[in-house]
Amino acid sequence: MAKRYASLRERLDANSVPVPFCGCAIWTGATRRAAAGEYGKINVRSRLRYRERSGAWRSDRDGQRKIKSLAAHRLSLALHLDVAYSKLNHVAHRCNVTLCINPLHLRSTTQRDNEADKRRASIF
Ligand SMILES: [Zn+2]
């Protein structure tokens, strides 16, 4: 039986190793190979819901439980920004270390695209 963690943040921290100087937090759990590199993955048994009203992440106890495989770095950034996992379209690494889950090394390209759109909009 897998160890139980008080929070997803705690689980992410327990499954990563901080690297001095560069600040990367290298994921040591399960991984997934993709064309761009190797990425951390985390299986979540409960259904995750972001409650807009309370502004908190909660697992859905009443719904049917199914295992979801989430990208560890994307989950890390979602928790850090306190936004729903599904709201982050694509999460890119500033440090180019695909196994890094330090939220400060990550950015949502959706955010950047939004900013670029804003800049474009201000030109015309
Ligand atoms: Zn990093």
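Colleague: How many bridges join β4 to β7?

Modeller: This is a predicted model, in which local features need pLDDT of at least 70, side-chain atom pairs count only at pLDDT 80 or more, and totals for chains, interfaces and linings use all residues. Residues are numbered from 1 along each chain as its sequence is written. Strands (E, at least two residues) and helices (H or I, at least four) are DSSP runs numbered from the N terminus, and two strands pair if DSSP finds at least two bridges between them. β4 and β7 run antiparallel, and the number of bridges joining them is four.

Colleague: Which residue of β7 is the bridge partner of isoleucine 42?

Modeller: Strand β7 covers residues 68–71. Within β7, isoleucine 42 has as its bridge partner leucine 70.

Colleague: What separates lysine 68 and valine 44 in space, C-alpha to C-alpha?

Modeller: Lysine 68 belongs to strand β7. Lysine 68 counts as partly exposed because 13 other C-beta atoms lie within 10 Å; the cut-offs are 20 or more for buried, 12 or fewer for exposed and partly exposed in between, with C-beta atoms placed from the backbone. Although lysine 68 and valine 44 are 24 residues apart in sequence, their C-alpha separation is 5.2 Å.

Colleague: In which sense do β3 and β4 pair?

Modeller: β3 and β4 form a hairpin with two residues between them. Alanine 34 has glycine 37 of β4 as its bridge partner, and arginine 33 stands opposite glutamate 38 in β4. Strand β3, residues 31–34, pairs with β4 over four bridges, and the sense is antiparallel.

Colleague: Which strands stand at the edges of the sheet, and why is one side of each left without a neighbour?

Modeller: The open sheet has three strands in the order β3-β4-β7, with antiparallel pairing. One side of each edge strand has no neighbour in the sheet because each has a single partner strand; the edge strands are β3 and β7.

Colleague: What does the twist average from one strand to the next?

Modeller: The axes are lines fitted to C-alpha atoms, for helices over the stretch in contact, and angles run from 0 to 180 degrees between N-to-C directions. From one strand to the next, the average twist is 40°.

Colleague: Is leucine 12 buried or exposed?

Modeller: Leucine 12 lies in helix α1, residues 8–14. Its contacts (C-beta atoms, placed from the backbone, within 7 Å) are Ala72, Leu75, Ser76 and Ile101, leaving aside residues up to four places away in sequence. Because leucine 12 has 24 C-beta neighbours inside 10 Å, leucine 12 counts as buried.

Colleague: In which loop is aspartate 82 found?

Modeller: Aspartate 82 is not a glycine, yet its phi is positive, near 60°. With 10 other C-beta atoms within 10 Å, aspartate 82 is exposed. Its place is the loop between α2 and β8 (91–93).

Colleague: What is the phi of asparagine 96, which is not a glycine?

Modeller: Most residues other than glycine have a negative phi. Asparagine 96 lies in the loop between β8 and β9 (106–108) and counts as exposed, with 11 C-beta neighbours inside 10 Å. Its phi is positive, at about 65°.

Key
Two residues are in contact if their C-beta atoms, placed from the backbone, lie within 7 Å.
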